[in-house]
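Good morning, and thank you for coming.

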Amino acid sequence: MDVDVEVRPQELVRKPYVLSDLEAEASLPEKKGNTLSRDLIDYVRYMVENHGEDYKAMARDEKNYYQDTPKQIRNKINVYKRFYPAEWQAFVLSLKNTMEVE
């Protein structure tokens, strides 16, 4: 049984600069698309600054617009810690320094 296979000739590239640009873009490393919104970052920082680790007090805070439960707030803080570990460490150190000054 013979199968006819068409062999396509090498096509002429009319715009080689487009091809080279696409190849250069494809060779770049993939960007990390996971980020947190600025609102969530500000929310987490505010809650931790004012309440520390007291999640029940955070749930009763007036800035808790979405009426998050203590467990939801704890999960949001853990997500922030996971996404930005270096920033979290710097934030915690700055909180400790301000506590010592006062």
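I begin with D42 and R38, whose side chains form a salt bridge with an N to O distance of 3.2 Å. The term means a side-chain nitrogen of Lys or Arg within 4 Å of a carboxyl oxygen of Asp or Glu. This is a predicted model, in which local features need pLDDT of at least 70 and side-chain atom pairs count only at pLDDT 80 or more, while totals for chains, interfaces and linings use all residues. Residues are numbered from 1 along each chain as its sequence is written, and side-chain values use heavy atoms, with hydrogens and water left out.

D42 and R38 lie four residues apart in helix α2, so about one helical turn separates them. Helices here are DSSP runs of H or I with at least four residues, numbered from the N terminus.

How many salt bridges are there by this rule? The count is two. In the other, the side chains of K76 and D68 meet at 2.7 Å, N to O. D68 is buried at 8% relative accessibility, whereas K76 is partly exposed at 25%. Buried means under 20% relative accessible area, exposed over 50%, and partly exposed in between, with a 1.4 Å probe and protein chains only.

I turn to the pocket. D42 and K76 are among the residues that line the largest pocket, including also Y43 and Y65. Helix α2, residues 38-51, gives the most to this lining, with five residues.

How values were computed. 1 Å grid on protein atoms, 1.4 Å probe; cavity = no way out; pocket = protein on both sides within 12 Å on 5 of 7 lines; lining within 4 Å. Helix = DSSP H or I, 4+ residues; strand = E, 2+ residues; numbered from the N terminus.
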